Amino acid sequence: MPSRVVTAFLRRLFVVLLAALAISGCTSVELEAPQPAPLPTTRYSAIVVDGNSGRMLFQANAEAPRYPASLTKMMTLYLLFEALESGRVSLSTEIPVSDFARSRPPSKLGFKPGQTIDVDTAIRALATKSANDVAVAVAEFLAGSEEDFARAMTAKAGQLGMRSTVFRNASGLPDDGQRTTARDMAVLGISLRRRFPQYFHYFGETAFTHRGKLVRGHNDLLGRVTGVDGIKTGYIRASGFNIVTSVSTGGKRLVVVVMGADSARSRNDHVEELIARYLPMVGS
């Protein structure tokens with residue numbers, strides 16, 4: 001068969017194939033893009049959500065129960081922001097630090113007996129340093145005890161639609177009863193920005209000053225990946241390395257949650273991969 005005839009035949013065949021794909025609702029020969037490889041750990045879970053529409057773009061074990069670790073402090077801050085908005089406290093309000101709060105294990109700021117911390121610095125200590133002593137001090141100040149504050153945290157989680165979350169403390173320190181999911185953490189991350197845009201900038205800070213000392217944060221994605229503007233990392237041995245990441249660029253917003261990584265580096269690299277893959281799919 002002459003080459004021109006073969007070429008014409010192949011062209012007609014290609015047109016027929018494209019028509020068949022169009023009828024079936026496909027717009028390209030590639031029916032489905034390959035999914036990102038999961039992290040090689042049994043604790044792994046993840047979710048990627050369009051921050052504007054709330055549409056889920058990717059999930060892996062997103063409804064599986066996980067330990068939140070210091071992602072817990074996102075809810076501690078949510079309730080502190082509510083207290084600020086209602087006028088119950090101001091940024092200059094001094095919060096006493098009890099002996100129990102001072103005794104919490106690191107990460108912590110460290111306080112002497114009788115010392116206090118103002119609300120503005122407390123927010124920075126929770127969002128940036130993930131200070132456990134400050135989390136307990138805030139809980140006791142707002143609710144009288146950490147136990148009562150944890151009940152308020154769980155109640156607020158239910159109101160926000162975090163259907164699988166139970167809080168037992170304000171810090172995220174180990175507790176077998178404290179559970180959440182990647183999906184619920186995405187809900188909380190989105191809720192924090194939408195409900196408190198005036199305070200969300202705290203989650204994007206990389207350092208702050210306390211009593212004349214520079215205190216650096218833990219979120220290495222800030223300043224490393226274009227558009228990342230928060231929000232919180234977390235780790236305990238039972239949870240692995242967790243993170244909730246907010247991305248905002250060119251009118252597009254993305255929330256990425258990765259839980260259960262074996263290292264901060266593998267967690268951060270995976271988040272960066274998910275951002276690169278799914279940010280182009282976000283509506284502005």
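Student: At what angle do helix α5 and helix α6 pack?
Tutor: Good place to start, and keep in mind that this is a predicted model. Helix α5 covers residues 132-143 and helix α6 covers residues 146-160. Their axes lie 8 Å apart, and the packing angle is about 85°.

Student: Which residues of α6 make the contact with α5?
Tutor: On the α5 side, the contact uses V136, A139, E140, L142 and A143. By class, the contact residues are five nonpolar, no polar and three charged. The α6 side supplies E146, D148 and F149.

Student: Now the pockets! Which element gives the most to the lining of the largest pocket?
Tutor: This pocket has a volume of about 300 Å³ and a lining of 18 residues, with S70, S130, H218, G234 and Y235 nearest its centre. Both β7 (228-236) and α8 (264-278) supply at least two lining residues. The top contributor, with five residues, is β7.

Student: And which element gives the most to the lining of the second largest pocket?
Tutor: Here the volume is about 160 Å³, and 13 residues form the lining, with I47, V49, G54, R183 and V187 nearest the centre. The elements giving two or more residues to that lining are β1 (45-50) and α7 (182-195). With five residues, the one that gives the most is α7.

Methods. Residues numbered from 1 in each chain as written. Predicted model: local features only at pLDDT ≥ 70, side-chain atom pairs only at ≥ 80, totals over all residues. Heavy atoms only, no water. Axes fitted to C-alpha atoms, helices over the stretch in contact; angles between N-to-C directions. Helix = DSSP H or I, 4+ residues; strand = E, 2+ residues; numbered from the N terminus. Contact = heavy atoms within 4.5 Å. Nonpolar A, V, L, I, M, F, W, Y, C, P; charged D, E, K, R; others polar. 1 Å grid on protein atoms, 1.4 Å probe; cavity = no way out; pocket = protein on both sides within 12 Å on 5 of 7 lines; lining within 4 Å. Points joined across faces, edges and corners; volume = space filled by probe spheres on them.
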